[in-house]
Amino acid sequence: MSTYRQSIPQADTLMGSMRSMGYSFEAAIADIIDNSISANCSVVKLFFPSEPTEDLVVGILDDGEGMSADVLFEAMRYGSTDSELERNANDLGRFGLGMKSASLSQCRILTVVSLQEEKISSYSWDYNYIQNRKEWVVKELSKNEIKALPYIHSLLELPHGTLVLWQDFDVLEKSSGGMVYDALVELKESVANNIALIFHNFLSAKGKEQIKMYLNKGRIKPMDPFLESHSKTTTKKARSIAIRDSKGQERQIWVKPYILPFATDLNDEHRKLIGGVETLRIKQGFYVYRNKRLIIWGTWFGMKPRGELTKNARVRVDIPNSLDDIWSIDIKKQTASIPKQIQRQLHQTVIDAMDISVRKQTHRGRKENVEDIDYIWDRMEGRGKTFYYQINRESKVFQMVRDRMSEEDYTLLEMLLKEIEQNVPTQQIYIDKSNDAISQDEPDNRVDEIFQLGIYMVNLAKSFNKKSIIEIVSDLMKSEPFCKYKVVEEKLLDNYKDEINKRSI
């Protein structure tokens, strides 16, 4: 007859293993803030040491509901909630591991203090102690010990709330060569940027829905990964997709595509809102939100590869926490995967968003469907659906120049043009374009340059062409660069108005 024997995990071994789950510092902070939001907070404050002589402690404070001593003790337990239980719709947790595993992935001592109904309580996990005792023993702090904790005065000023403290940063100590304070200083900006993106829906909400977040004395302002307020952002109508959760209940997923404006249409504030234009290419793709909290972004989930022309395409997907297991959201809330049953439905959304992005990107280049325009460059199709570029020798401007050249001169010109065509620095152009480092500004005298070129071309055409001035100018305006400057046509006609009037008499 079979029997059951209790097998309690070795405390120091399991805790040590869970410290290596792969949390980044930024993701660990975000996981703590999730608990604050679930506690219905309106303010979150992050405290980083401001002087190297201070105790190296990071604090995360909220004005949420707080916890009693018994509830806090249970919250400090590993696996304090069942991931399969149905939770409040606003709950951002899942496994009952986040606060402990996230915190202890960055430090060796985690202390949590909570204030509720004028009663304060505190418990602490000390990995150093666990390693010595090899038991699951959590420390309960006395009132005097609580009063001596860093940043505690900020909690005591509130009617209720919770303060999470991280101490003994052994991970940072190893990675920074012992320069823990300097490492924390460097992390402040990336932590603030991460919070500004992940929690932007909460930071930008109105009224009671808004949550204010601070890092030391600076308020964190929300990013806007979709630039919804920009007049040149293209949006598609949101649509819902029905999917059944693991218990067979129907749930709704909301999907909405966005195509960002050109980088040249963005001012400094817009660039800051999307986290900089230099990362546009790696940030294209799906933005998956779980209860308004951004979970994963910058991926097409294998549906399509990232491309330069599709870098402005983004698709927002909102899911409820009841679909965590269907989307395979991990403990760290850093990875997810699209359920097979809706992947096909989302595929067309991706294609549509990418097509719009490609059209917008190419709109400022050649408009290949415009008839009767002579372009300077021809885009030629080669083998295997590849392309190359060559000077358009059929353009009217080129023909005007060609007709005035001797065969010897034209032979030399052809030699030069072929070398230019063979040595177009496409790779460097691509790099500069990706980094938004190609100047789009035209010189102030560009119109005058085109006008003077037009006069030369008209005079050249007059000497061997039987067409009227009006016809010559009309032909010129169908060629690059003249077709881009409509005002030049008016200036040219005005310049030759006496000659035009003479011919019409």
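**Why these labels?**

Biologist: Why is Gln284 called buried?

Modeller: Its relative accessible area is 0%, and buried means under 20%, exposed over 50% and partly exposed in between (1.4 Å probe, protein chains only). Gln284 therefore counts as buried. This is a predicted model, where local features need pLDDT of at least 70, side-chain atom pairs count only at pLDDT 80 or more, and totals for chains, interfaces and linings use all residues. Residues are numbered from 1 along each chain as its sequence is written, and side-chain values use heavy atoms, leaving out hydrogens and water.

Biologist: What makes Lys221 exposed?

Modeller: Lys221 has a relative accessible area of 69%, so it passes the mark of over 50%.

Biologist: How do you know that Asp34 and Arg293 form a salt bridge?

Modeller: Their side chains meet at 3.0 Å, N to O. A salt bridge needs a side-chain nitrogen of Lys or Arg within 4 Å of a carboxyl oxygen of Asp or Glu, so this pair qualifies. Both residues are buried.

Biologist: Why is the pair of Asp170 and Arg108 called a salt bridge too?

Modeller: The N to O distance is 3.2 Å, which means that this pair also meets the limit. Asp170 and Arg108 also belong to a network of salt bridges with Arg19 and Asp168.

Biologist: What makes Asp170 and Arg108 buried or exposed?

Modeller: Asp170 is at 10% relative accessibility and Arg108 at 15%, so both count as buried.
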